[in-house]
Amino acid sequence: MYSLGIDLGTSGIRAVVMNDQQQVLAESHSALPASQAYLSPSDSQTIGYSQKPSDWWHSFEQVIYQLATTLKKSQHISLSDITHLAIDGTSGTVLLCDINGQPLTDALMYNDQRAGAEAQIIKAIASDNTGAIGATSGLAKVLWLVAHCAEKSQVHYAISQSDWLSGQLMNQFGFSDHNNVLKMGYDAQNHCWPDWLVQLFKEKALPDTLLAKVFIPGEVLDTITPAMAKHFGFNHNLRICAGTTDSTAAIIASGAKQLGDAVTSLGSSMVMKVLADKAIYDQASGVYSQPYGDLWLVGGASNAGGEVLKQFFSIVQMQQLTLQLEQQIQANSFKFLDLNYYPLASPGERFPVQDPQLKARLSPRPKSELQFFQALLEGLADIEALAYSKLLDLGAPYPKLVKSMGGGAVNTAWRDIRQQKLGIPVSLATQQQAAAGVAILAQSTWH
């Protein structure tokens, strides 16, 4: 068996092919155009980001074409040897489509916060055990998109990133998995769309087709269409499997399976999650839960992360400053600055506090660029520590070890700072790619 995992991220798409021993045989990557910023009408601050699904499709094609070449050269196999495919995407990214799956809107990205008024409507009626709270929730975005859609009468589906791409391959829409729909309000404990949400849609005269048919991540949905198989060179019996969110795929790739295993994903934003034996929800801190085998994956995503570092430093600068911090650590001359930073690229936070108005705290600023860089890393580590402490307070186990994924995971100075702040070992995850996790998922052995 060869499986193909596709990770649809914010800045690019990555593909990984695995064999049935879960060894990575080949991978490819294609960049996406930068997200389009949305400015608040009141104060011109950036409160939203969107992307065009057509850009996803173009990059997806490039990734598959590159992968075909790599597989042939390195493994002497072709795309037609792949039997299963699954796709992950950023949690809460959503667009509206017509009955044929054609986009009627751009996609509002995971960190888009323009739906503040819609979020208040949801908060007033939603149950406590929902992931649909906040302006960044998929449900709030759907309500905003419907209200601002020029072709409102044509609206038929609300579709996540990964489901839209999978739908293109099968020419079928109106489905999802129980991870991607959590921020749409799906009740994963009772495996249904809750009554309060169904009633809301009735009151707003929204089509019930906006509420997808929900599958288990990794479950086979259907086979690829003959036209798509021919277009890419896939096997006509290629099985398209229900996908998941990017953070969940990353956690699958990390090998986390036991109660108390924790994974922090360090990308443009930070995601902190721990495996618990019960579902936990807390609207005030942005905590939600999703099924993960026989356990529950509990945690949330912060808007803080690598994006704020890029606002002040280039990649080369960060590498040079990291080296200087490493030298201090090795010489036992490193000391915490404790400037109490809360690094955000733009106003608004999701977890460990839910506050759409929260502003970055980046002062006092040291004169030294090295110290400023260190203070930013400390601030991000403090947010991670606060996140796991908050989860402990809510009833989740405090991790004995944190596995790290994402671009920031390889920064050894940051890892040392995080380890001291958390008070537990921090290690690199075995697999660093979310695409590897969704390739494992596609093999139908994980779940």
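The side chains of K52 and D106 meet in a salt bridge, with N and O 3.4 Å apart. K52 sits in the loop between β5 (46–51) and α1 (53–74), while D106 sits in the loop between β7 (94–97) and β8 (107–108), so the pair ties together parts that are 54 residues apart in sequence. K52 is partly exposed, at a relative accessible area of 43%, and D106 is also partly exposed, at 30%. The model described here is predicted.

**Salt bridges**

In total, the structure holds 7 salt bridges. One of them joins R14 to E27, whose closest N and O atoms are 3.2 Å apart. This pair links distant parts of the chain: R14 belongs to strand β2 (residues 12–18) and E27 to strand β3 (residues 24–31), 13 residues apart. R14 has a relative accessible area of 22% and is partly exposed; E27, at 38%, is partly exposed as well.

Another salt bridge brings together the side chains of K421 and D338, at 3.4 Å from N to O. K421 is part of helix α11 (residues 412–422), and D338 is in the loop between α9 (315–330) and α10 (369–393), so this contact ties together parts that are 83 residues apart in sequence. K421 is partly exposed, with a relative accessible area of 23%, whereas D338 is exposed, with 54%. Salt bridges with shared partners join D338, D382 and K421 into one network.

The three pairs described above are set out here.

| Pair | N to O distance |
|---|---|
| R14 and E27 | 3.2 Å |
| K52 and D106 | 3.4 Å |
| K421 and D338 | 3.4 Å |

**Helix α7**

The buried residues in α7 are S247, T248, A249, A250, I251, I252, A253 and S254. An α-helix has 3.6 residues a turn, so residues three or four places apart point the same way. Just after α7, G255 takes a positive phi of about 90°.

**Cysteines**

The structure holds 0 disulfides. C241 counts as buried because its relative accessibility is 0%. C192 is partly exposed, with a relative accessible area of 30%.

Note on methods: Residues numbered from 1 in each chain as written. Predicted model: local features only at pLDDT ≥ 70, side-chain atom pairs only at ≥ 80, totals over all residues. Heavy atoms only, no water. Disulfide = S-S within 2.5 Å. Buried < 20%, exposed > 50% of the residue type's maximum accessible area, 1.4 Å probe, protein only. Helix = DSSP H or I, 4+ residues; strand = E, 2+ residues; numbered from the N terminus. Salt bridge = Lys/Arg side-chain N within 4 Å of Asp/Glu carboxyl O.
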